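Please look at the sequence and the structure below.

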Amino acid sequence: MSYVDEIIEKVVKENPAEPEFHQAVKEVLESLRIVVDANEEKFRRDALLERLVNPERQIKFRVPWVDDNGQVHVNTGYRVQFNSAIGPYKGGLRLHPSVNLGIIKFLGFEQIFKNSLTGLPIGGGKGGADFDPKGKSDREIMAFCQSFMLELYKYIGADTDVPAGDIGTGAREIGYMFGQYKRIRGLFEGVLTGKGLSFGGSLARTEATGYGLLYITEEMLKCHGQSLEGKTVTVSGAGNVAIYAVEKAQQLGAKVVTVSDSCGWAYDPNGIDVKALKEIKEEKRQRLTEYQKYRPNSEYHEGKGVWNVKSDIALPCATQNELDLEDAKALVANGVIAVCEGANMPTTLEATKYLQENGIYFIPGKAANAGGVATSALEMAQNSERLSWSFEKVDAKLKAIMIDLFHNIENAAKKYGFDGNYVVGANIAGFEKVVDAMNAQGIV
Ligand code: NDP
């Protein structure tokens, strides 16, 4: 049995009930097969893949907190410190009822390669809790965040592990967590990114993931003699990534006709009104049903359906496995030319394969949404030098990083004979740097 197959089998056996983690490992290792096969003897001797798929450390802890009625609740918190070969662990904190160890491990594993692709010195990690921020009062959110940090602080620090936001963790949650860390440690340091602008946050961090997604999409289209100008785009999600993806797509001349949340989706044939979307989601924290009040000509539909809308470009920006084989077939039948992932692993393995086999340009999340973590690393750099850069400076750096990243994955794919396969290109390019650093640092 090949080394890759052996490791996939082992991961499935040794990590039961973690399907998302299995899926992420399979996706990465399958596309690294060509590199692993060429170095099989050395990699086996060094147990390189075993070291890559086993986190350096995984922490699981109890998070008790009291609600507004005096009721005590207990959630489970996680931090998985996956790989620190190229820098301090870096990766977001997800607060969502679906969170479990397997989800955090899949996200942490992906993060290793994504962070490597940014070209910046950051290792891979991820964390979160099965806490649902929806419907909670500000005081309840603060109580949860403070209790969460009361345990997490032991494992993080500006030079060891720097968490950030993710689903359910936005500026408000990062603020409460930062305040608690500072109070416990007596240290004002860049231990979290996505901070408010008045206490060490970076301009353009809020926009970074969505903007970065569009910068890489535009560069990829350019290389195929196309552009976003005049294209119709479907977006899923209505959170941080989706909102700024819609904004930048429209700035670049495209028309975005959909957004969605976990209850339903909005279709606006005249183009999504970003100002209204921000007011509903960022300020009022309401459901998308409200969108029709701002745009009477739009439609609201319950459930799933974004991928059945005719478009040129699809940008999944909500959550993992939200675009399955049926959706991929609908997209192809409707003439889509590109799918670029704003979320982490939103496309199932079967759907990815189908899209690629049908000649759709497909950029995986670890490359396409890397602008968020890249700008987090720029926030770390600003914190270290105790300076704040202008929006234009951060945005220009972000754009340059995304353009470089695209050419890096394109070249890696070409080098190994997979021209145009950006999944293979992203995994190989991300992997090579991490392996180089791991080899140089000995068996640790
Ligand atoms: P937000 O919490 O801001 O928004 C998430 C959006 O997706 C919401 O509209 C939410 O709807 C929807 N959603 C979440 N879970 C589900 C679900 N199970 N089914 C349907 N819809 C769902 O998160 P972000 O925008 O920050 O993150 C979105 C994705 O992008 C995630 O995969 C995240 O890991 C990834 N990502 C985020 C980065 C960042 O900088 N924020 C960086 C890189 C990747 P509702 O409000 O109804 O729950």
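Tyr361 is partly exposed, with a relative accessible area of 21%, where partly exposed is the range between buried, which means under 20% relative accessible area, and exposed, which means over 50% (1.4 Å probe, protein chains only). The model is a predicted one, in which local features need pLDDT of at least 70 and side-chain atom pairs count only at pLDDT 80 or more, while totals for chains, interfaces and linings use all residues. Residues are numbered from 1 along each chain as its sequence is written, and side-chain values use heavy atoms, with hydrogens and water left out.

Tyr361 belongs to strand 12 (residues 361-363); helices (H or I, at least four residues) and strands (E, at least two) are DSSP runs, numbered from the N terminus. When residues up to four places away in sequence are not counted, Tyr361 touches Met220, His224, Ile337, Ala338 and Val339, a contact being heavy atoms within 4.5 Å. Tyr361 and Gly420 are 59 residues apart along the chain, and their C-alpha atoms are separated by 7.5 Å.

Ala367, which is found in helix 14, counts as buried at 0% relative accessibility. Leaving aside neighbours within four places in sequence, Ala367 is in contact with Leu117, Ile216, Met402, Leu405, Ile409 and Ala426. Val394 lies 27 residues from Ala367 along the chain, and the C-alpha atoms of the two are separated by 19 Å.

The place of Leu378 is in helix 15 (residues 370-385), and with a relative accessibility of 7% Leu378 counts as buried.

Ala17 is exposed, with a relative accessible area of 71%. Phi of Asn321 is near 55 degrees, and its place is in the loop between strand 10 (313-316) and helix 12 (325-333). Asn321 is partly exposed, with a relative accessible area of 29%.

On a 1 Å grid over the protein atoms alone, a cavity is a set of points where a 1.4 Å probe fits but cannot get out, a pocket is an open set with protein on both sides within 12 Å along at least five of seven lines, and lining residues have an atom within 4 Å of a point. Grid points are joined across faces, edges and corners, and a volume is the space filled by probe spheres set on the points.

A search of the whole structure finds 1 cavity of 30 Å³ or more. Of the 13 residues that line the largest cavity, the closest to its centre are Glu27, Glu341, Met345, Thr347 and Thr352. Helix 2 (19-38), helix 13 (349-357) and helix 14 (365-368) each supply at least two residues of this lining.

The second largest pocket holds about 480 Å³ of space. Its lining has 24 residues, and the closest to the centre are Gly190, Met380, Gln382, Asn383 and Ser384.

The table sets out both spaces by class, with Ala, Val, Leu, Ile, Met, Phe, Trp, Tyr, Cys and Pro counted as nonpolar, Asp, Glu, Lys and Arg as charged, and the others, Gly among them, as polar.

| Space | Volume | Lining by class |
|---|---|---|
| Largest cavity | about 110 Å³ | 5 nonpolar, 4 polar and 4 charged residues |
| Second largest pocket | about 480 Å³ | 13 nonpolar, 7 polar and 4 charged residues |

Finally, the chain as a whole. The protein chain has 17 helices and 12 strands. Its radius of gyration is 21 Å, close to the 22 Å that the globule rule gives for 444 residues, so the chain is as compact as a globular protein of that length; the radius is taken over C-alpha atoms, and the rule is 2.2 Å times the number of residues to the power 0.38. Taken along the principal axes, the C-alpha atoms fill a box of roughly 65 × 55 × 45 Å. Buried residues make up 56% of the 444 residues.
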